[in-house]
Amino acid sequence: MVDMKISLCGVQLDNPVIPASGTFGYGREFAELYDINMLGTFSFKGTTGKRRFGNPTPRIAECREGLINSVGLQNPGVDSVIGEELPALAKVFSKPVMANVSGFSIEEYVSVALKLAAQKQVGWIELNISCPNVHNGGMVFGTDPKQAAEVVGAVRKALDSQKASGGSRPLIVKLSPNVTDLAEIAFACEDAGADGLTLINTLQGMRIDLKTGRPVIANRIGGFSGPAVMPVALRMVYQVYERVRIPIIGCGGVSSAEDVLEMMLAGATAVQVGSANLVNPYACRDIIEALPETMKKYGIETLSDITGGAH
């Protein structure tokens, strides 16, 4: 029998498959389709201090081998997540959940992270400094090593101060591929106190409507995801693995059990599945169910043993 268990920042997961933030809501809709407790965990929707409507519509554009989105961090705000979403989630999901924290200032990142880290259901804080679809926040912090280190350091300090009350959680930083040297930024985040990294968020892209001659989405430029970005994400995971010592969650174009194995061989400890959930809501279930036979096919007995095996 194969062993699919992995450890992510000291927390054991039954398998490495994690639906990515923004593609799984707060879990409840998917729980109506299958038992989401089969997941390793999932990263819930990017959450800010206050409620956000997000960007104007249209927000989605289809592409060959992927899609472009510009949702713009639509969410009910951290207090509603704590008061409404987490209690509802507790009825259908018994594992620790990954809390994706977004913001427009260092103070907002710190405030939201502290509130979510204090919740018993939260197992990890995933600091999103890589969203390409908002202005004056998100990716602004993740494209410069100094700014990335500043926000990570501030959140790290705040979480450490919360340890005495049992509220501290591992800090995972989600980074943007829209930079010249991702490994440098990853190292800066590690040096500032990150416990792990998620690589990568979406690439920037756009579509133009030939009938109108105008961009398809209202924000003009959005985040490109899907199978086409897998080789780029794989390359970045591989490069960053050689630069840092903290765990990496590989993300970008993953849609099969084979993709999971590739990501892990490149250096990922766990793997997030993003836009595949929007195309097929059973994508993560299907990947998890296919993993044992896929492991046997390639002679893999213990999944955690293959992380970084391609180096």
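How many aromatic pairs does the structure hold? The structure holds five aromatic pairs, a pair being two rings of Phe, Tyr or Trp (its six-membered ring) whose centres lie within 6.5 Å, with planes under 30 degrees apart counted as stacked, over 60 as edge-to-face and the rest as tilted.

The model is predicted, so that local features need pLDDT of at least 70 and side-chain atom pairs count only at pLDDT 80 or more, while totals for chains, interfaces and linings use all residues. Residues are numbered from 1 along each chain as its sequence is written, and side-chain values use heavy atoms, with hydrogens and water left out.

**Aromatic rings and charges**

A tilted aromatic pair is formed by Tyr26 and Phe44, at 5.2 Å centre to centre and 45 degrees between the planes. Tyr26 belongs to the loop between strand E3 (17-19) and helix H1, and Phe44 to the loop between H1 and strand E4 (60-63), so the pair ties together parts that are 18 residues apart in sequence. Helices (H or I, at least four residues) and strands (E, at least two) are DSSP runs, numbered from the N terminus. Tyr26 and Phe44 are both buried, where buried means under 20% relative accessible area, exposed over 50%, and partly exposed in between (1.4 Å probe, protein chains only). One aromatic cluster consists of Phe24, Phe30, Phe42 and Phe93.

Two arginines lie over rings, as tabulated below. The criterion is NZ of Lys or CZ of Arg within 6 Å of the ring centre and within 35 degrees of the ring normal.

| Charged residue | Ring | Distance from ring centre |
|---|---|---|
| Arg59 | Phe53 | 4.9 Å |
| Arg243 | Phe187 | 5.0 Å |

**Nonpolar cores**

A nonpolar core is a set of buried Ala, Val, Leu, Ile, Met, Phe, Trp, Tyr and Cys residues joined through side-chain atoms within 4.5 Å. The largest one has 88 residues, and Leu175, Cys189 and Leu197 have the most contacts inside it. Helix H3 gives the most to this core, with seven residues. Cys189 touches Ile129, Ala148, Val152, Val173, Leu175, Ala194 and Leu197, leaving aside residues up to four places away in sequence; contact means heavy atoms within 4.5 Å. A second, separate core of seven residues includes Ala61, Leu203, Phe224 and Val229.

Helix H2 (residues 78-90) bends by about 30 degrees at Glu84, with a proline, Pro87, following within four residues. The bend is the angle between axes fitted to the seven residues ending at a residue and the seven starting there. Val78, Val81, Glu85, Leu86, Ala88 and Leu89 are the buried residues of H2, and they pack against H1 (28-31), strand E6 (97-101) and H3 (106-117).

Helix H8 (residues 257-266) is mostly covered, with seven of its ten residues buried. Its buried residues pack against strand E1 (6-8), E3, helix H7 (230-241), strand E14 (248-251), strand E15 (270-273) and helix H10 (283-297). Gly267, whose phi is positive, near 140 degrees, follows H8.

**Two loop residues**

Ser70 is found in the loop between strand E5 (66-69) and H2. At 1% relative accessibility, Ser70 counts as buried, and its side chain makes a polar contact of 3.2 Å with that of Asn219. Such a contact is a pair of N or O atoms within 3.5 Å; within protein, one must be able to donate a hydrogen and the other to accept it, and residues adjacent in sequence count only if both atoms are side-chain atoms.

Thr212, in the loop between strand E11 (208-209) and strand E12 (214-215), is exposed, with a relative accessible area of 53%. The side chain of Thr212 reaches the backbone nitrogen of Arg214 at 3.2 Å.
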